[in-house]
Amino acid sequence: MKNARGKQSRKGFYLALLGVGVAGLAAILWATQRDPNAGVVTLPTAPAVAADVPGYVRGDSAAPVEIVEYADFECPGCGQFATVTEPDVIKRLVETGQARYRVYLFPVNGSHRNSPAASLAAACADEQGKFWEMHDRIFAGQNEWNSFATDNPKSVLRGYAQAVGVDLTSWDQCYDGRKYVDRVAAHAQAAERAQVRSTPTFIVGNRQVQGAQPFDVIKALVDSARATAGAAAPATPAPAAPAGQ
């Protein structure tokens, strides 16, 4: 009797293991066969960048394509994208000159009470040329300072500012004086003008997609925008042939 139960137990274990393997294989197949255009919306025109609200930019200003992200520091999907996919996008698309990257910070969800504070912390780091370092650190530590973790995020955010190498006296004055609170509000207004309803939202050219996208989706959008830009560029006239030829 004991033997029979042992055999049944082992059989159940192997069946469960097989089920996990099948589920894993299905997930891999789905990821490799997923249509990178799924969920992509074509806009009438690409949203204009207001000169007084340029967002935060990294990459070559002469890059042929721009990736625009509307992000909320406290949004889990934004955190997932920032820590998993964005490093790939920066290394393979931005640093190679294929695209530049622009981000607007948009605390879209009212339950994300600490997101405006994180946006202000990043703006104060930007004053010292450390926005992207602070951006990466804030997203990496999202569970340490978010609304579920604390009602007073400054101490955690200040630790990040110190870690990325800003002058803390200047940072404190900026943060406590709420120096860039108008910029935080202006970012939200820019998102609203672009009719962004959730974060993260990405716009490349005149194509928009919502949610934490894998690298292949962002790459497909960049490739499409580059092809469109190339097709729209006026042809360079051939030089006139010398007389008599």
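A residue counts as buried when its relative accessible area is under 20%. The model used throughout is predicted.

**Exercise 1. Classify C75 and C78 as buried or exposed.**

Solution. Step one is to take the value for C75, which is 6%. This lies under the 20% limit, so C75 is buried. Step two repeats the test for C78: its relative accessible area is 1%, so C78 is buried.

**Exercise 2. Locate the disulfide and describe its geometry.**

Solution. A disulfide is a covalent bond between the sulfur atoms of two cysteines. The search of the whole structure returns one disulfide. Its partners are C124 and C174, with an S to S distance of 2.1 Å; the cut-off for such a pair is 2.5 Å. The link of C124 and C174 has -80° about the S-S bond and is left-handed. Finally, apply the accessibility test. C124 has 0% relative accessibility and is therefore buried, and C174, at 3%, is buried as well.

**Exercise 3. Carry out the span analysis for α8, and identify what covers its buried residues.**

Solution. Helix α8 (residues 181–193) comprises 13 residues. From its first C-alpha to its last it reaches 19 Å, close to the 18 Å expected at 1.5 Å a residue. The buried residues in α8 are V184, A186, H187, A188, A190 and A191. Their cover includes the strands β2 (56–58), β3 (66–71) and β4 (100–105), together with α3. Just after α8, Q195 takes a positive phi of about 60°.

**Exercise 4. Assign the geometry of the ring pairs Y70–Y104 and W171–Y175.**

Solution. A pair of aromatic rings is described by the distance of the centres and the angle of the planes. The structure holds seven aromatic pairs. For Y70 and Y104 the centres are 5.3 Å apart and the planes stand at 15°, so this pair is stacked. Y70 lies in strand β3 and Y104 in strand β4, 34 residues apart, and the pair links distant parts of the chain. Both tyrosines are buried, Y70 at 4% and Y104 at 3%.

For W171 and Y175 the centres are 5.0 Å apart and the planes again stand at 15°, so the pair is stacked. These two residues are four apart in helix α7 and are therefore separated by about one helical turn. W171 is buried at 0% relative accessibility, and Y175 is buried at 11%.

**Exercise 5. Which residues form a cluster of ring pairs, and which charged end sits over the ring of W132?**

Solution. Ring pairs join Y56, Y101, F131 and W132 into a cluster. The charged end of R58 sits over the ring of W132, 4.8 Å from its centre. Elsewhere, R92 lies over the face of F215, at 3.9 Å from the ring centre.

Notes
Residues numbered from 1 in each chain as written. Predicted model: local features only at pLDDT ≥ 70, side-chain atom pairs only at ≥ 80, totals over all residues. Heavy atoms only, no water. Buried < 20%, exposed > 50% of the residue type's maximum accessible area, 1.4 Å probe, protein only. Expected span 1.5 Å × (residues − 1). Contact = heavy atoms within 4.5 Å. Phe/Tyr/Trp six-rings, centres within 6.5 Å; stacked < 30°, edge-to-face > 60°. Lys NZ or Arg CZ within 6 Å of the ring centre and 35° of its normal.
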